[in-house]
Amino acid sequence: MPARADSAGTRLRVGSSYWLDAPARPQPDRPALHGHHTADIAILGGGVTGCSAALLFARAGARVILVDSRQIGHGSSAASTALLMQEPDADFMDLARRYGPAKARRIWRCSRTAVMSMRRMLSDLHAPAVHGLPSLYFPTSRIAAVRLRREAALRHRAGLPCRWLDSGAVRGAAGFDAPGAILTPGNAQADPVAAGLAFARGAERAGACLYEHSKVQSIEATPGGVTLRLRHGRIAAAWAIVASGYATPAFEPLLARFRMMNTYVIATPRLDADTRGCVGLGDFMLWDTARPYHYLRWTPDGRLLFGGRDTPHLPGPRRTSRLRQEARALTRELVELYPALAGVRPSYAWEGLFATTPDGLPYIGAHRRYPRQLFALGYGGNGMTLGYFAAQALVRMVQGRVRRDDALFGFDRAYRRR
């Protein structure tokens, strides 16, 4: 039976995203797909993962067609935290407990390598500047500080770059009091929409064909390939890449592996130099030990971007009222952290939909129920970094050059210490 790829039309984003409004974004008017097409690779999803996969496959010589049911780069990517983080959503100690220290270290290094590779690729594409900056991971209580200190020791023992900061150093770096923090070098921030569009343009220059407003209605396995059926056309391909970010109802056997979440973000107005000085936050990205965690950083034009308060997905029209509620709560929490911001109201507030998994890692690769289809799903809060890693891994899988580390993110990854 063909997989019905038509989803319920769930909105990937609610509210006004800073990333869509900040700079002018000239974008070509890409057509919808009509008629019968053939390709080596058909990609579903025009976010960072799908567009970077299209670029890498096209540069490898494949005939690539990418389709998105909306406008390319304007779905989940526009709701992104825009952080290029080497740290997965799960702490090192949690991954080590589940998979063993050796596998946890390999997962961490895959993510770190992906950050560096993505930065190089965006530079090669002349994308807007990717700004490298360290992260500060700070505790929200004394008890959390004890656990975080153990986390830092485990990372150090595994050879992962990090340094423990005492309370005085945290005050100097972040402008508030905390018992300590883990400083991790080598992270970065990027404009997620600009990055996705840079990948899309690069893919087109390499020969890929990109189509917008083209929803795939079904995927059917054929001898040696797949057929994707759309409202006004179809694609016969050797492989289908499902880069939609999460499993839609079309892939019902996969749904239980994911938990759908809404995340919330606010951005302040541009803050003047005096206010920025009173805030006291340096050139760092911050995140905390709360679960769900909060994250905070400066934007290139001097705003504070603050997000978190993730909740189980709320469907339907109530999402808008929930966004207002959570934006008010984030505003209060930001003022608690930085009293100098009392009276400052957000210029932007938005909410995004994302999928998380039990271990905080995405699923990348094949699933036995879906021949000739490869998946990249469930990134949690680290979609840009692991989305680019997924694109690299999927190219290797199609080419038969699978690396040992790729299996760490497979659907059949083992829950044992080896």
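This is a predicted model: local features need pLDDT of at least 70, side-chain atom pairs count only at pLDDT 80 or more; totals for chains, interfaces and linings use all residues.
Visitor: Where is E87 found in the chain?

Guide: Look at the loop between strand 5 (83–84) and helix 3 (92–99); E87 is found there.

Visitor: Why is E87 called buried?

Guide: The relative accessible area of E87 is 2%. Buried means under 20%, so E87, at 2%, is buried.

Visitor: What makes the link between the side chains of E87 and S135 a polar contact?

Guide: The two side chains are joined at 3.1 Å, and the cut-off for such a pair of N or O atoms is within 3.5 Å. The side chain of E87 also makes a polar contact with the side chain of T184, again with a value of 3.1 Å.

Visitor: Which residues does E87 touch, not counting those up to four places away in sequence?

Guide: Among them are W108, R155, N187, W287 and N382.

Visitor: Now the cysteines. How many disulfides are there?

Guide: The count comes to zero.

Visitor: How do you know that C51 is in no disulfide?

Guide: A disulfide needs two cysteine sulfur atoms within 2.5 Å. For C51 the nearest cysteine sulfur, that of C209, is 13 Å away, so C51 is in no disulfide.

Visitor: And what about C110: which cysteine sulfur is nearest?

Guide: That of C162, but it is 18 Å away, so by the 2.5 Å cut-off C110 is in no disulfide either.

Visitor: Are C51 and C110 buried or exposed?

Guide: C51 has a relative accessible area of 0% and C110 has 8%. Buried means under 20%, so C51 is buried, and so is C110.

Terms used. Residues are numbered from 1 along each chain as its sequence is written. Side-chain values use heavy atoms; hydrogens and water are left out. Helices (H or I, at least four residues) and strands (E, at least two) are DSSP runs, numbered from the N terminus. Buried means under 20% relative accessible area, exposed over 50%, partly exposed in between (1.4 Å probe, protein chains only). A polar contact is a pair of N or O atoms within 3.5 Å; within protein, one must be able to donate a hydrogen and the other to accept it, and residues adjacent in sequence count only if both atoms are side-chain atoms. Contact means heavy atoms within 4.5 Å.
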